[in-house]
Every structure is written in structure tokens, then in C-alpha cells.
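Subject: Structure handover

Hello,

Here is the structure you asked to look at. Please open it first; my notes follow below.

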Amino acid sequence: MSAIQEVVTEAPAVEAVPKRAMTLGNGTSLAMLALLIIVPLFVKNFIIFQLTMLLIYALAVLALNILTGGSGQFSLGQSAFYAVGAYTSAILMEHGNINYALTLPVAGIICFGFGFLFGQPALRLSGVYLALATFALATAMPQLLKLGVFEHWTGGVQGLVVTKPDAPFGLPMSQDMWLYYFTLAVTIAIYIFSVNLLQSRSGRAFMAIRDNEIAASAMGIDVALYKTLAFGVSAGITGVAGGLGAIAVQFVAPDGYTITLAISLFLGMVVGGVGWLPGSIVGSAFIIFVPNIAEGISKGLSGAVFGVLLFLVIFLVPHGARQVAIVAQQLIGKLKKN
Amino acid sequence: MLSRQQLRIAVFSTAVIAFAATAGSALAQKKYDTGATDTEIKIGNIMPYSGPASAYGVIGKTEEAYFKKINAEGGINGRKINFVTYDDGYSPPKAVEQARKLVESDEALLVFNSLGTANNTAIQKYMNSKKVPQLFVATGATKWNDPKDFPWTMGWQPSYQSEARIYAKYLMKEKPTARIAIFYQNDDFGKDYLKGLKDGLGAKASMIAAEESYETSEPTIDNHIVKLKATGADVFISITTPKFAAQAIKKLAEIEWKPLHIVSNVSASVGSVIKPAGFENSQGILSAAYAKDGADSQWDTDPGMIKFYAFLEKYFPEGNKLDLSVVYGYGAAQTLVKVLEMCGDDLTRANVMKQAASLKDFAPDTMLPGVKINTSATDFAPIEQLQMMRFKGEKWELFGDIISGELSH
């Protein structure tokens, strides 16, 4: 290994985050959960739909957070995994007449395999080079979905329309509300799984690799296995998010999964705080609502306004929502002492 | 003879009866759905103001300016138009979010001229289940004319397939021995067109010597053109968007291939295709049109276009008259205004669809002479006529009759 290469790999790709700092305290978690359960009862269907999308993107951001914040690998290709998940669900529902809830694990497993396989060649790359390789995956995906060979299944450029599920057991709630609670349940399950994963032996292995790859391998960690595993888990969760997204939006088309989506997810992760799992929902809120706010300020310059807002966030709170949370925690601590 | 008092009573009672009659009928007629009131009609719209298709955002801006003009002139039957337009960045999931915002949060009466085939497909099921009109969608896909399955969705411009059929008809008549090379964009637009051509040629589809497709991400299409030339075809059909249409015209001249060249209507713009490709390279190219081209001097004295230019000057000075999107937005907005006028005081969503489906020989200012909008309960394709044209000198020369590309024929 040349000296230059060592210098490059030595530079910490991601600031080390201790694992306890990756989650919220029990009280805060429960308050957040209560809020997520109660709010939909009092708002319009449209807001419920937006909240559903909020959870779905939060899942996708969370997946990226495990990969980048956990194992220190970059990815600009999350939109590709999201697309595979979305198409898997859509195709199974529309061509296979399979229940929507059952399509999600399938989407997750297929994406896990896909991500695991993609992780193999990605092993040789790190930092910006890995980001570029995944970028290629994101640009290729919309075109692959248009290929004539798959057209019978994917609907080609026209995409596929998906039927929205009704609430089961005759529950007196709208389709939107049911889908929201369904998504919430899936999100909570995956969140708990992710927190446990990062606190487990595998999670510690991820973080050891993130902090120093050479030291990690010296400690006996199978670097190649855990790096690809991180890719697989991240892709799997993104796939489930994609499947939920297809059901909520009721439509899949190649144009919905372009590189813009991958960059949005990356942006959501940075704004939420790299390596801080609860930040995913803040990051998701940023990528859903801030463009709308920017558009409200100026239609012609919405992109520029968005840029300014993003710049302000990065400049004022470079560690994203995590930083805000830490400051808030210290303030509360002081108040308690007084 | 009636006494003075009797006469007075008679006059008075007649007046009362007359008043009651008119007032009664007026009250009975005034019907509103969400989004319409005595003073306002709320119209929703979704456009790609940002993202890969942002050039089309001009359509939304033109429409906004046109409704400003209508409001300045007193509105529609006294009601002002409140035009709420959102950006979807050409992303279908975002289009769904914006459509739901328009319907559930802003409570618009209808969604008008939302742009993009995939984006409209994404919201079609939702709009139809909510029974909110998805009126005059800005896409040339053929599937919008489906009143049986989607009674709340209606197209506006001629479908790509009907335009392609017109070329097929022309070729079978004028050049029955032609060997056709088709060059198309690999997306819904290109494929819809290709299907139209093949359907139009029918049993004579063997006339097609070669098909070649390109991706919009390709920087140049030169190698495709060279490959098509090698097939020895003598007709070149270019189903391309403006940038690639111009590249193709240039390349054909460069390699001295002189087939009969047909360019799809989306790329028939003098300003954005022919001029950059060079007038000398474009002589004799064929295309078809339904709207007048603002770059064409032959319309300078046309009363419709004079109105259009006056509108641009007063309400939309930043609008470029050479941009076909501006002409498009003006025509579409004018059609909507016509429908809302026909609705009178019955501004329910059902009546909007009913009136939109009863347009008879309506001709917006920017349509070619003879092209008329006709719809019915079973025909949700407003514009179905086009006219062939040949490029000569520095402008298009229309020739032949106005042809209908109706799919049923």
C-alpha cells in the first residue's frame, strides 16, 4: 500500500459517533411515539399522506445512516435500492395478486441480496470512489427499468399503477390513515431492529471498521463480510421503504427514482445528523417540507431559496439535528440543576 | 277599461312574478362544488418548474399570465380565477403529493393541464376516485382518451399516435415504395409514436427498413444516423425532442444523406430546432402542425396571433413568442376559459366535465385555420387535426388538407 493511499484511508470519513449517542432516551422516544400516534387523528387526509411519506423517507434515510454513520461507507445509490423495492412490491401486487403486507419482506430480502452483491465490488473502493461507484448505480437504474426485456413486468416507461389497500377487518378508518399506521408499525419495528443491530456484536464491528479499518481487522473482524453486510442491511431497509413508497404513492415509474432521490436521501442524512438514528425523521422532514417552503417563498427561484436554507443549516448546525438535540439536552440539564 | 289602481296592481304583480321567476331560476341554476363561489373559481395546476423538464415550466407561467388577463377583464361570468400552480420537479411521487395538496388542502375545483405522461398516470387513479376533473393534461400520450374507464381525465393536444398515423397515411399515398428508417427517443413519447406509425402502416409495416433508438442522456446521436444511412433507407422519420432533432438535421447534411425527412411536431419549432440546425440544411423537411408558430412571419397579420402578441406585450412581457410552450399555454388556457364560460352558474365538477365534453368547433387564437376542438361524451381527445407542412426558405409552408388522425379511422 503506498504512502499516499494510507493518508487517504487514514482521514476519518465520518466523525466517530459513540453508540449510546446514536439513539434517544426512553422518555423522549415514548413522547415521540405518542405524538406520531395521536397527530393523524386530528389532521386532514392530505397531511396524513404527507406524514406517511415522512415515515417512508425516514426509513430510507435511516438505512443510509446505518451504512454511513454505522460502517463509514458512502452511498449515492440508495435510489436504486429504493426503486428495486418499489418495483418488487408493485409487480408482486399487480401481477402476482399478493397481499401488500407480504410484498414488503420480499422487497427487503431481494434488496438485501442486491445490496450484498453490490457490496462485493464496492469493497475495493472507499470514500469518494465508493460514492462514485454507487452514483453510477443510481444513474443506471431508471434506464434499466425501461429495458424492453422487463417491460412486460415493469410497464416500461409508462410505469405501473398500484391499488391502495383498504383498512382490514372493517376498521372504520380511511385508506390513508390505515396506511399511515401500517407504515408506522413497520417503521418502529425497523427502528428497534436497527438500534439493536448497532448495539450488537455486528454493530460494534461496523463501527470499528468505520473508525479504523486496519485496527478492526487486527482485532479479528472480517472486514469484507461486515462491509458487505452493512450494504446488504442498508439496501434491504431501503427496499422496504421503497415498497411502502410504491403503495402510498400508488404508482411506480422510472422517473420517480432518479439520482435526485439519492441525493435527497443523502441530504436528509446530513441534515438529520450522520450516525444519529432519530435524526432520520428530521432529515426526512427537511427533504419533504423545505422544498415546499422554498416554493412558497419564490416559485421562479425555489431552487436558489432551497440552496440558501440548506446552506444556513449546514453553516449553523453542521452536525444537523443531533447538534440541536445535544444543545437542548444540556439546556434541560441546566434547568434541572437550578 | 281598467282603473288606474287596477292597472297599477297589475303592473306590480307582473313585475313581482317576473322577478320571482328570474330570481327563482337564477337560484336554481347557481350550483357549486368545492373550489367555486360567487366570486372565485380555484384552478389547480402542476408543472415542472424545476428539474430535467423545467423548460416546460413556461407553460404554467403563460397560463398564469392568461388568467391574470381574464381577471383584469372582469373574470368569467363575474368570477375571478385563482390559479394555484405547484412544482413537481417532473417527479411522479411529488406530483401525487401536489395533486393531493390541490384537492384536499387548497380545495381546487379542478386540476388543469398538469404536465408529463408519468406524472399524470401517477395521479389519474386518485383524481378519478375523488371525482375531481383532471382536465386538458399536458401530454401527447394516447391513453387520456378513455372516458369509459377514466371519466374525469381529458387530454388536449393531438396524441402522438394520431400524428404518427398522419405521416403513415402520407407515405403510403405519396411514396408507396419507400424504405423507412425510424429514429426515436427511448421513452413513452418515442414508443407511443412508433406504435402509431406501425398501426398506421398496417399491412405495409414491411416498409420500415430500420429502427434505431437513443437515450436523452446521450451527448451525441451521430453514430445512430450513420448506421441508419447504411441501411439504404430513403425516408428518415425523426421522433426526437428539439435538441436531438437539430443534431439529426445537421448530421444528415454533414454525411450528405438526403432522404425524405419527417420531423415530429414537438420538434417543428423554427426558433429552437430549424434555426440552430441551419436553414440551408432544413429545406424540404416535412412535419405536421396544429398551432401557429410565433416565429413564422406569415402569421403577423393573423387576427388570432395579433391578439396573442398583444397579450404577450401587456401581461407576459418576459414570454418568448418563439417558444412553442408559450403558444401552447395560451391555447390550453383559452380552452379552459371557454369551458368555464359554458358552465355558466353551474360550477360543479360534473358539469365542468360535461361542458368540456361538449366543445363544438372551438378554435383558440393560436390554432391553425381549420383546426377545431370537438369533444363528446365518447370522445375525450380535444385536438385531433393536423396539417402537413414543408420547410421552405425560412418558414414552414402548409400544404394539403387539414387531416384528422382519429384513432377510430
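How many residues of chain A are in contact with chain B? The number is 24, and they touch 24 residues of chain B; two residues are in contact if their C-beta atoms, placed from the backbone, lie within 7 Å.

Before the rest, some conventions. This is a predicted model, in which local features need pLDDT of at least 70, side-chain atom pairs count only at pLDDT 80 or more, and totals for chains, interfaces and linings use all residues. Residues are numbered from 1 along each chain as its sequence is written, while chains are lettered from A and ligands numbered from 1 in the order in which they are written.

Back to the side of chain A that touches chain B: H3(A) gives the most to it, with 5 residues. Helices (H or I, at least four residues) and strands (E, at least two) are DSSP runs, numbered from the N terminus. By class, this side has 8 nonpolar, 11 polar and 5 charged residues (Ala, Val, Leu, Ile, Met, Phe, Trp, Tyr, Cys and Pro count as nonpolar, Asp, Glu, Lys and Arg as charged, and the others, Gly among them, as polar).

Chain B has an open sheet of 4 strands in the order S3-S2-S4-S5, with parallel pairing; two strands pair if DSSP finds at least two bridges between them. Strand S3 (80-87) and strand S5 (134-135) of chain B each have a single partner strand, so one side of each is left without a neighbour in the sheet. S2 (residues 40-47) and S4 (residues 110-112) of chain B pair over 2 bridges, and Gly44(B) has Val111(B) as its bridge partner in S4(B).

Regards
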